[in-house]
Amino acid sequence: MTSATVSTRAALVVPALLVVALALYPLAFTLPFPRHIVIMALLFATMGTAWNILGGLAGQVSFGHALYFGIGAYTTAYFYKHYALSSLVTWPLALAISAAAAAIIGLPTFRLRGHYFVLASVFIMQAVYIVVSNWSTLGAAIGLELPVHKAADWVDAVWHLQFHGSKLPFYYAALALFVAALVVFQWIRRSRLGLLLNAVREEEDAARSLGVDTMRYKLVALVISAAFTTLCGMFYAQYVLYVEPVSTTSLIVSVEIAFVAIFGGIGTLWGPALGAFVIIPLTELLRAYLSGRIALGMAGSLVDGGVLDYLKYYAAGGGGQLDILIYGLIIILIARFQPRGVLGFFRRLD
Amino acid sequence: MIYAQVLVDGLVVGLIFALVAMGLSLIYGVMNIVNFAHGEFMMLAMYLCYFLWAGFGLDPLGSAPVAAAAMFALGVVVYRLVARHLLESSMIAQMFATFGMLIFFQAFANFLWKADARTIPDNWSTGHFAIGGLFFNGPELVAGLGALATAGALFWFINRTETGLALQAVAEDPQVARLLGVNTDRMYALAWGLSAATVGVAGALLSTYLAIYPLVGANWALPAFVAVAIGGFGSITGAFWGGLVIGVVQTAGGFLTSPSYKLLFVYVLYLVVVFVRPHGLLGKR
C-alpha cells in the first residue's frame with residue numbers, strides 16, 4: 001500500500017467520520033442550547049465555505065456577503081408574513097434575486113482590483129444597510145417578525161417550515177446545507193472552473209492575455225457563493241422567526257462570514273468549518289454565560305469577587321459586549337500572528 | 001438662497017471630513033494600509049473630551065490639544081503592537097487587523113461606557129448667527145474652522161519641515177529613504193501618531209455639538225474613505241478636496257431626500273468615481 005492510497009483513504013474517512021459525528025451529536029445532546037450552538041456553527045460554516053469559493057478560490061475578498069444573507073432572510077420573512085408562504089415555496093424567487101444582485105454588483109466591481117474592490121464591497125454593504133433600515137416594506141430598522149404557526153401535523157409543519165417542539169429538523173437541515181457547500185466547494189476546486197479561478201487569483205492579467213474570460217468565471221463563482229449564502233439567510237429567517245438589519249444586512253455580519261474562513265485558513269476545504277466551530281461556540285457561550293441566561297455549573301467557583309465580578313457586572317448591564325470585545329481581539333491576533341489561518345499550521349489536513 | 005445655504009453647510013461639515021480623510025490618506029500613503037479603525041480614534045477622543053468636561057469642567061475646544069496628544073500616543077501604541085507587523089502581510093490580513101481594531105475599540109467603549117449617547121450641552125461657541133443671509137451654527141462653524149486650521153498645520157508639517165519631507169520620502173520609496181538615512185520605523189510610527197492625533201482633534205471639535213456614543217466614529221471614517229478615493233489614494237491634498245466634496249454631497253443629498261439617506265449618496269459616489277476613474281478622481285498611475 002503506497003502512502004498516496006493511505007492519504008486518499010484518510011481524505012475520505014476523516015470527513016465521513018466528522019459528518020457522522022455531527023449527525024449523532026443532537027442525539028447525545030438533547031437540550032435546546034447545545035443544539036442551537038451547533039446549528040449556528042453549521043450555518044456560519046456553510047456561509048464561510050460559500051465565501052471561500054469567491055474569496056479563497058478566486059481571490060476576490062468581499063466584505064459584502066451579508067447582502068445575500070439578507071436577501072434570503074428578508075424574502076422569507078416578507079412572503080411568510082404577508083402570504084404565509086414559507087421558503088419551501090419562495091426559495092426559487094430568493095435565489096433569482098440573489099443571482100440578479102450578484103450580476104448587478106459583480107459586473108462593475110469585478111473590474112476593480114485590491115483595495116478598490118474591497119472598499120466597493122464595504123460601501124455597497126453600507127448603502128444597502130441604509131436602504132433596508134429605512135424601507136418601511138421591510139419593516140425599516142425594526143424589521144419583520146414571522147408569525148408563529150402551530151402545526152396540526154408534520155405535513156403542516158413541513159409546509160410552514162416551523163418546528164417548535166424540537167430543534168432537530170433545523171439541525172439536520174443546517175447539516176445538509178453544510179455538507180452540500182463542502183461538496184460544491186471541493187467539486188469546484190477540482191474542476192476546470194477551479195483551475196480558472198486559481199488563474200484569476202494568481203495571475204489575472206496573464207490569464208486575460210491568454211484569452212480567459214476572467215469576468216465570466218468571477219461572476220460564476222459569485223453567483224454560486226451568493227446562492228449558498230442566500231439559502232443560509234432563508235434558513236436563518238425560518239429558524240429565528242425575526243429579521244432586522246443589524247443582524248442580517250450589516251457590515252459586521254459580512255465580516256463575521258469572511259472571518260470564519262480567514263480564521264480557519266483561506267482557500268482551504270475545512271478552514272471555514274474550523275473557524276465557525278471555534279468562533280461561534282466561543283462567542284455564543286460567552287454571551288450566554290455573561291448575560292447569566294444559563295448556569296454553566298461553575299458560576300459560583302469561577303466568579304469569586306474581585307475583577308471578574310466587576311467585569312461580569314459590566315458585561316451583564318445591557319450594553320456589555322465583552323463577547324464582542326474578545327471577538328475583536330481574536331480577529332486582531334489572527335491577522336497579526338497567523339494571517340494564513342489556523343490551518344496554515346497544518347497544511348496536511350487540507 | 002436655500003441652495004447657497006446647503007452649499008455652505010456642506011462645506012463647513014466637509015472641512016471635518018477633510019481632516020478625517022487626510023489622516024486616513026497619510027497612513028495609506030506611507031504604509032499602503034487601509035485603516036478601518038480610524039474613526040475609533042475619533043470616538044475615543046470624543047469620550048476623553050466628555051470626561052474632561054464632566055470631571056474638570058474643561059471646554060472641549062480647550063481639550064483638543066490633550067485629545068491630540070493622547071491619540072498620538074495611542075496611534076503609536078497601535079503601530080508598535082499591531083500595524084508594524086502588518087507591513088509584509090497580505091492585504092486581507094491588514095484589513096482584518098484594522099477591522100478587528102474597529103470592533104475591539106467599539107466594544108471597549110460599549111463595555112465601559114454603555115451604548116447611551118452623551119452630550120456636552122454647551123460651550124463658549126454655542127449660538128446661532130447670520131452673515132449676509134446665511135445662517136451659521138456656532139459650534140459647527142468653529143469646528144469647521146478648527147479642522148481647517150489643523151489641516152493647514154498638518155499640510156505645513158508634511159511639506160515644510162525636514163521630518164515631514166522624510167515622511168514623504170518613505171511614502172515614495174521606503175528603501176531609498178532608508179539608504180538616505182531615514183529611520184523608516186520611526187516614520188511609520190509618526191504617521192500613525194499624526195493620523196490618530198488629527199482625527200482626535202476632529203473628535204474634540206465634534207464633541208461640542210454631536211452626541212457621543214460608541215459607534216459615532218464609523219459614520220465619519222467610512223465616508224472619509226470615499227474622500228480618500230476621490231482625492232486619489234495616498235494623496236493628502238486630494239483627501240482634503242475629497243472631504244469638501246463629500247461634505248457637500250451628503251448635505252445636498254440629505255436636503256433633497258431625507259437626512260437618514262445622506263450617507264447613501266456618499267457611498268454611491270465612491271462607486272461612480274472608481275468605475276469612471278479606477279485610481280481616484282485626482283489620482284495618478
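1. Helices (H or I, at least four residues) and strands (E, at least two) are DSSP runs, numbered from the N terminus. Please keep in mind that this is a predicted model, in which local features need pLDDT of at least 70 and side-chain atom pairs count only at pLDDT 80 or more, while totals for chains, interfaces and linings use all residues. Residues are numbered from 1 along each chain as its sequence is written, and chains are lettered from A and ligands numbered from 1 in the order in which they are written.

2. Let's start with chain A as a whole. Its secondary structure comes to 16 helices and two strands. Of the 350 residues of chain A, 45% count as buried (20 or more other C-beta atoms within 10 Å of the residue's own; 12 or fewer is exposed, and in between is partly exposed; C-beta atoms are placed from the backbone). Two residues are in contact if their C-beta atoms, placed from the backbone, lie within 7 Å. Among the contacts in chain A with a separation of 6 or more, 77% are between residues 24 or more positions apart.

3. Helix H5 (residues 114–132) of chain A is worth a look. Its 19 residues should span 27 Å at 1.5 Å a residue, and the end C-alpha atoms are 27 Å apart, which agrees (the expected span is 1.5 Å times one less than the number of residues). Of the 19 residues of H5(A), 15 are buried, so the helix is largely enclosed by the rest of the structure.

4. Next, a helix pair in chain A. The axes of helix H2 (residues 32–57) and helix H7 (residues 168–190) of chain A come within 9 Å and cross at roughly 20°. Axes are lines fitted to C-alpha atoms, for helices over the stretch in contact, and angles run from 0 to 180 degrees between N-to-C directions. H2(A) and H7(A) are therefore roughly parallel to each other (angles under 35 degrees; over 145 is roughly antiparallel, 65 to 115 roughly perpendicular and the rest oblique). The residues of their contact divide into 17 nonpolar, three polar and two charged. Here Ala, Val, Leu, Ile, Met, Phe, Trp, Tyr, Cys and Pro count as nonpolar, Asp, Glu, Lys and Arg as charged, and the others, Gly among them, as polar.

5. Helix H1 (residues 2–31) and helix H10 (residues 236–256) of chain B pack at an angle of about 140°, with their axes 6 Å apart. H1(B) and H10(B) are therefore oblique to each other. Their contact includes 19 nonpolar residues, eight polar and one charged.

6. B:Asn32 is not a glycine, yet has a positive phi of about 60°; its place is in the loop between H1 and helix H2 (38–56) of chain B. B:Asn32 is partly exposed, with 16 other C-beta atoms within 10 Å. B:Lys114, also not a glycine, has a positive phi of about 70° and sits in the loop between H4 and strand E1 (128–131) of chain B. B:Lys114 is partly exposed too, with 17 other C-beta atoms within 10 Å.

7. H4(B) has 23 residues and reaches 33 Å from its first C-alpha to its last, close to the 33 Å expected. Of these 23 residues, 19 are buried, so H4(B) is largely enclosed by the rest of the structure.

8. Finally, the chain contact: 37 residues come from chain B and 37 residues from chain A. Helix H4 (91–113), helix H9 (218–231) and helix H11 (262–276) of chain B each supply at least two residues of the side of chain B that touches chain A. The largest share of that side, 15 residues, comes from H4(B). Its residues divide into 30 nonpolar, six polar and one charged.
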